[in-house]
Amino acid sequence: MKKEYRHLWLILALAFALFFVMSMFDIPSVFGYKPKSSGMADLLLKNNFKTIVADSDTVGCDSIAPPAPKFPVPVDTATQTILFIGDSMLDGLSPRLAAYAKESGHHQYSVIWYSSTSEKWSNSKRLKEYIDTIHPSFIFICLGSNELMVKDIIEKRGDFVRDIVSQAGDIPFLWIGPPNWREDTGINRLIEMSVPEGAYFKSDGMKFERRKDGAHPTAASAALWMDSIVRWMPNHAIHPIRLEMPEKKTARPDRIFIHQPSEN
């Protein structure tokens with residue numbers, strides 16, 4: 001008698017399990033009967049998916065992020081075509097870099113746009129134009145001195161700085177930060193957060209001898225500034241290039257392009 005009841009209970013349990021499973025999913029009708037989905041599967045799967053996403057956003061995020069560069073990076077010993085763009089700070093930096101370039105067998109083209117800003121360089125697409133003309137293998141950028149005191153600079157100039165980086169494309173570059181003569185409103189932080197690690201040289205904090213305007217380093221001080229950048233590159237730059245110590249203090253680039261403040 002008990003065995004007969006056990007068989008009956010087993011049949012009822014199997015039937016209940018069958019209809020429970022059928023109710024979880026939207027399945028075709030069986031023997032003319034189509035059970036309505038209880039939504040249980042959606043609830044269980046959705047909660048499980050949320051758990052997976054939460055874990056990937058916290059624990060697993062490091063596994064999908066691009067690996068940080070390991071410094072020092074091997075120095076590129078190839079002959080370079082260097083494009084050096086920026087504001088009036090190039091008056092002092094460009095001749096010293098040209099001396100390094102000539103000593104190392106590189107070619108250098110300098111573009112000085114007086115009183116220029118990231119906004120002007122971005123809107124004009126001038127960097128892209130020079131890239132298409134000169135076809136550089138390495139780019140130096142020195143911008144930011146005319147934007148030390150811009151309020152809300154990250155909001156106002158962030159798109160311009162990122163656009164300049166975008167114009168450089170896949171060409172290796174180094175952005176030289178401005179030689180602060182007073183505390184800035186965020187231009188250095190904006191540049192640093194907009195370029196890859198190892199593509200920004202922070203000049204703020206260095207000591208300079210200044211011209212009478214109190215802003216521009218003297219020629220001698222600018223040469224020492226360039227020397228510091230060259231010494232920094234082998235161990236800290238993401239793409240260091242060969243720059244041998246020159247016998248001459250300064251030299252003239254292969255060509256210099258000048259743009260006035262009134263140009264757009």
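1. D152 is exposed, with a relative accessible area of 52%. The cut-off for calling a residue exposed is over 50%, so D152 qualifies at 52%. The residue sits in the loop between β3 and α7. Its phi is positive, about 50°, although D152 is not a glycine. This is a predicted model, and the angle should be read as a property of that model.

2. Phi of H135 is near 55°, a positive value in a residue other than glycine. H135 lies in the loop between α6 (126-134) and β3 (138-142). Is H135 buried or exposed? H135 is exposed, at a relative accessible area of 58%. As background, most residues other than glycine have a negative phi.

3. F71 and P72 are joined by a cis peptide bond, with omega at about 0°. P72 is placed in the loop between α3 (61-64) and β1. In general, most peptide bonds are trans.

4. Which strand is joined to β1, and by how many bridges? Strand β2 (residues 107-113) is joined to β1 by six bridges, and the two run parallel. Within this pairing, I82 has Q108 of β2 as its bridge partner.

5. I154 belongs to helix α7 (residues 153-168). Its relative accessible area is 22%. Buried would require under 20%, so I154 counts as partly exposed at 22%. Leaving aside residues up to four places away in sequence, I154 touches R189, L190 and M193. For I154 and I191, which are 37 residues apart along the chain, the C-alpha atoms are separated by 9.3 Å.

6. The largest cavity holds about 40 Å³ of space.

7. The lining of the largest cavity consists of S88, M89, D91, G92, L93, R211, H216, P217, A222 and W225. Two helices, α4 (90-104) and α9 (219-236), each supply at least two residues of this lining. Which element gives the most to the lining? Helix α4 does, with three residues. By class, the lining has five nonpolar, three polar and two charged residues.

8. For the chain as a whole, the model has nine helices and six strands. Of the 264 residues in the protein chain, 42% are buried. Among contacts with a separation of 6 or more, 78% are between residues 24 or more positions apart. The accessible surface of the protein chain comes to about 15700 Å². Carbon and sulfur atoms account for 58% of that surface.

9. Places to inspect in the model are the cis bond between F71 and P72, the positive phi of H135 and the positive phi of D152.

Note on methods:
Residues are numbered from 1 along each chain as its sequence is written. This is a predicted model: local features need pLDDT of at least 70, side-chain atom pairs count only at pLDDT 80 or more; totals for chains, interfaces and linings use all residues. Side-chain values use heavy atoms; hydrogens and water are left out. On a 1 Å grid over the protein atoms alone, a cavity is a set of points where a 1.4 Å probe fits but cannot get out, and a pocket is an open set with protein on both sides within 12 Å along at least five of seven lines; lining residues have an atom within 4 Å of a point. Grid points are joined across faces, edges and corners, and a volume is the space filled by probe spheres set on the points. Helices (H or I, at least four residues) and strands (E, at least two) are DSSP runs, numbered from the N terminus. Ala, Val, Leu, Ile, Met, Phe, Trp, Tyr, Cys and Pro count as nonpolar, Asp, Glu, Lys and Arg as charged, and the others, Gly among them, as polar. Buried means under 20% relative accessible area, exposed over 50%, partly exposed in between (1.4 Å probe, protein chains only). Contact means heavy atoms within 4.5 Å. Accessible areas come from the Shrake-Rupley method with a 1.4 Å probe; for residues, only the protein chains shown count as cover. Two strands pair if DSSP finds at least two bridges between them.
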